[in-house]
Amino acid sequence: MRIAPSLALLAMAVACSLLTGPAQAALRDRVFVASYGSDSNPCTFGSPCKTFQNALNAVAPGGEITAIDSAGFGPVFISQAVTITSPNGVEAGIAAAAGGNAVTIQAGLNDTVVLSGLTLEGAQSGTYGVYFAQGARLEIVNCTIRNYTTTGINFVPEASAVLNVTNTVISDNAGYGISLNPDEAGSSITAALNNVTINNNGTGVLVYGAESPIEVSITNSHIDNNLSTGVDAIGFSSNLVSVILKAVTLNQTNIGISVESNASVWLSRVTQTSASGFSSTGVNITGSNNAVYTDNTNHLMGAIVGNLTAWPPQ
Amino acid sequence: MRTTRLFLLPAAAVTCLLFAAAALAAQRERVFVASYGSDSNPCTFGSPCKTFQFAHDTVAAGGEVTAIDSAGFGPLAITKAITITSPAGIEAGIAAPATGISTAITINTPSSATVVLSGLTLEGANSAHTGINYGGAGNLEIVNCVVRNYVVDGINVEPTSGSPSVLISNTIVSGGSNGIFIFAPSGTIQAALDHVTIGNSNLGLGVETSGEAVEVQVSDSHIDNNGNYGIFTSGSSTAATVNVILSNVTLNQTPPGIDLVGHTNMWLSGVTQTAVPAFTSVGVNFDGTSTANAAFSDNTNHLMGGVSGGMLQAWTKQ
């Protein structure tokens, strides 16, 4: 009787993990999605995939996902370093499911995630545009993030992280345009926002250091027409919040800048508007262990509640 | 006896995705127009429509219309919340009809509806009347657009009711009798204009009200080389005051740079208005016999054409 030789189980790359791609596919450094793509494709330029999520499963850590043409490519959960980009001329969008996020990031502690040229549309039913829970660095460039019910960019890292937002429009989010809110002790945030338009949100930028310190600089930006507060800075105990505003407009908001305990704000060339028939509070300082510094180049047309401190230039 | 073993065949793809691969579930509607489209199509990316109007009528409220390639997509009347977008590099033109008053985009929306116009290049060919005529009550956002060569108005903001907020950002307007005109016949308007370039119009930016007070902030903008007015303002009463805050604005070569007709408060910071021999113009003109004009300066401006008919008041910095 002949016994069939034992057969080694053919190894399957069981792609039940978030990091590996489809079975037997080597991860590529550069993958593509397109409106005509299919998620059974290898995500090459010639055979692109249909969703960002599937492209993510096919791309190597640190690789790049590029949208070939204009379409919606679906919500995405990112757990590795990656760049997702939509070049000029292409509108790559993500429409979040009701109550969902467009982009959720839970990456490695050393991972950088870059989102470039994307349009994230919440349709007043998605909760968060970008939800960043872990990673070393998030760069958002040339994006539009709009119409989320809670927050456009929710930066809530569980370990120290850096946020860079450039040339981006964040508007019509019912809660917050950008929320900086470290999730745990030891998860300090450093953020730089440049040439950002934050328009018609509930609160433009929330800087809330309940668990860890935060330092954010906002430059050449327009935090306009937000409904309740333009910039809201709140620290806690030794978790100091520091906000530097330079060349920023704060048009027509109930409170331009709100500063609570353990928070300091530095103002240079800030214009906060209030006109007859449009009264607003320019700066509202409450609590203790806080200060608002000015170098005398600002226009705070609304009322100033509290005292400003001199910030001499060198 | 032959023993057979069950072969575990390699799976083609045993992929576990956290989200359904078919990303179409519960997505907001997204429709497309293209030069090769047809208005008997469903307006999908694969079968786009031919006109903005048909796409507008097809898409859900709050949805998005995207232009796939460069073409003329016809005049558009917007009556609901919507985003109309043309990615950079694509020119979505709207050709003027042969006769009649022609407007490229007409907006008449309820106060709950926000309209977003993004990345559009509207070409009036010096025959169409108006580029964007906003007559609604909801918020308006015009971002990364070019509106040029319309005979009457490039962008006319004239809400019928409510108190909309208006954002015009990174936009170029040129040509026409008025570049951007903001007028409140009733109600209020609050507007933020940043990185706006207005040139080669007869009147660059006009702000008027006969309803309630309006407030317009213009920052990092260039209102240059316009024919007769850089900025023209006119309120109608103490309750209907025009308020304009200028931060970092150039007013090149326009006579006058700023014309205050009545019931206007204007604040100037970082404004450069030019006038040199053979190119004389007035910087700030307190026009006519109207009273209740006030202009404030924080001493960071250059009004090379000077001030006529009134005086600047101090605008202290903090």
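## Chain A: contacts and overall make-up

In chain A, residues 24 or more positions apart account for 65% of the contacts with a separation of 6 or more. The model from which this value is computed is a predicted one. The secondary structure of chain A consists of one helix and 27 strands, and its C-alpha trace spans about 95 × 40 × 35 Å along the principal axes. Of the 314 residues in chain A, buried residues make up 57%.

## Two domains in chain A

Chain A is divided into domain 1, covering 27–174, and domain 2, covering 194–314, and the C-alpha centres of these two domains of chain A lie 29 Å apart. Their contact draws on eleven residues from domain 1 of chain A and nine residues from domain 2 of chain A. On the side of domain 1 of chain A that touches domain 2 of chain A, the most is given by strand β14 (residues 161–171) of chain A, which supplies seven residues. By residue class, that side of domain 1 of chain A divides into four nonpolar, six polar and one charged.

## The parallel sheet of chain A

Ten strands of chain A form an open sheet with parallel pairing, in the order β4-β7-β10-β13-β15-β17-β19-β21-β23-β26. At the edges stand β4 (76–78) and β26 (303–305) of chain A, each with a single partner strand, so one side of each is left without a neighbour in the sheet. From one strand to the next, the twist averages 5°.

Within this sheet, strand β17 (residues 203–209) of chain A and strand β19 (residues 229–235) of chain A run parallel and are joined by six bridges. In this pairing A:Thr203 stands opposite A:Thr229 in β19(A). Strands of a sheet pair through backbone hydrogen bonds, either parallel or antiparallel.

## The largest nonpolar core

The largest nonpolar core has 175 residues, of which A:Ala55, A:Ile94, A:Val130, A:Leu180, A:Val207 and B:Val33 touch the most other members. Domain 1 (27–174) and domain 2 (194–314) of chain A both give residues to this core, so it lies between them.

What does A:Val207 contact, leaving aside its neighbours within four places in sequence? The contacts of A:Val207 are with A:Leu180, A:Ile214, A:Val216, A:Asp232, A:Ala233, A:Val241 and A:Val243.

## Positive phi values in chain A

Most residues other than glycine have a negative phi, and most peptide bonds are trans. A:Asn195 has a phi near 55°, a positive value in a residue other than glycine, and lies in strand β16 (residues 189–199) of chain A. Because A:Asn195 has 18 C-beta neighbours inside 10 Å, it counts as partly exposed.

A:Ser237 has a positive phi as well, near 55°, and is likewise a residue other than glycine. A:Ser237 is placed in the loop between β19 and β20 (241–250) of chain A. Is A:Ser237 buried or exposed? With 10 other C-beta atoms within 10 Å, A:Ser237 is exposed.

## Chain B: make-up and strand β7

The secondary structure of chain B comprises one helix and 27 strands, and buried residues make up 56% of its 318 residues. Of the contacts in chain B with a separation of 6 or more, 67% are accounted for by residues 24 or more positions apart.

In strand β7 (residues 103–107) of chain B, four of the five residues are buried, so this strand is largely enclosed by the rest of the structure. Strand β4 (residues 76–78) of chain B pairs with β7(B) in the parallel sense over three bridges, with B:Ala77 standing opposite B:Thr106 in β7(B). Strand β10 (residues 130–134) of chain B also runs parallel to β7(B), to which four bridges join it, and B:Thr130 in β10(B) is the bridge partner of B:Thr103.

## The surroundings of B:Thr264

B:Thr264 lies in strand β22 (residues 264–273) of chain B. Why does B:Thr264 count as buried? It does so because B:Thr264 has 27 C-beta neighbours inside 10 Å, where a residue needs 20 or more to be buried.

Not counting residues up to four places away in sequence, B:Thr264 touches B:Thr233, B:Ser234, B:Gly235, B:Thr241, B:Val242 and B:Asn293. B:Phe183 is 81 residues from B:Thr264 along the chain, and the C-alpha atoms of these two residues are separated by 13 Å.

Methods. Residues are numbered from 1 along each chain as its sequence is written. Chains are lettered from A and ligands numbered from 1 in the order in which they are written. This is a predicted model: local features need pLDDT of at least 70, side-chain atom pairs count only at pLDDT 80 or more; totals for chains, interfaces and linings use all residues. Domain bounds come from an automatic or database domain assignment. Two residues are in contact if their C-beta atoms, placed from the backbone, lie within 7 Å. Helices (H or I, at least four residues) and strands (E, at least two) are DSSP runs, numbered from the N terminus. Ala, Val, Leu, Ile, Met, Phe, Trp, Tyr, Cys and Pro count as nonpolar, Asp, Glu, Lys and Arg as charged, and the others, Gly among them, as polar. Two strands pair if DSSP finds at least two bridges between them. Axes are lines fitted to C-alpha atoms, for helices over the stretch in contact, and angles run from 0 to 180 degrees between N-to-C directions. A nonpolar core is a set of buried Ala, Val, Leu, Ile, Met, Phe, Trp, Tyr and Cys residues joined through C-beta atoms within 7 Å. A residue is buried if 20 or more other C-beta atoms lie within 10 Å of its own, exposed if 12 or fewer, and partly exposed in between; C-beta atoms are placed from the backbone.
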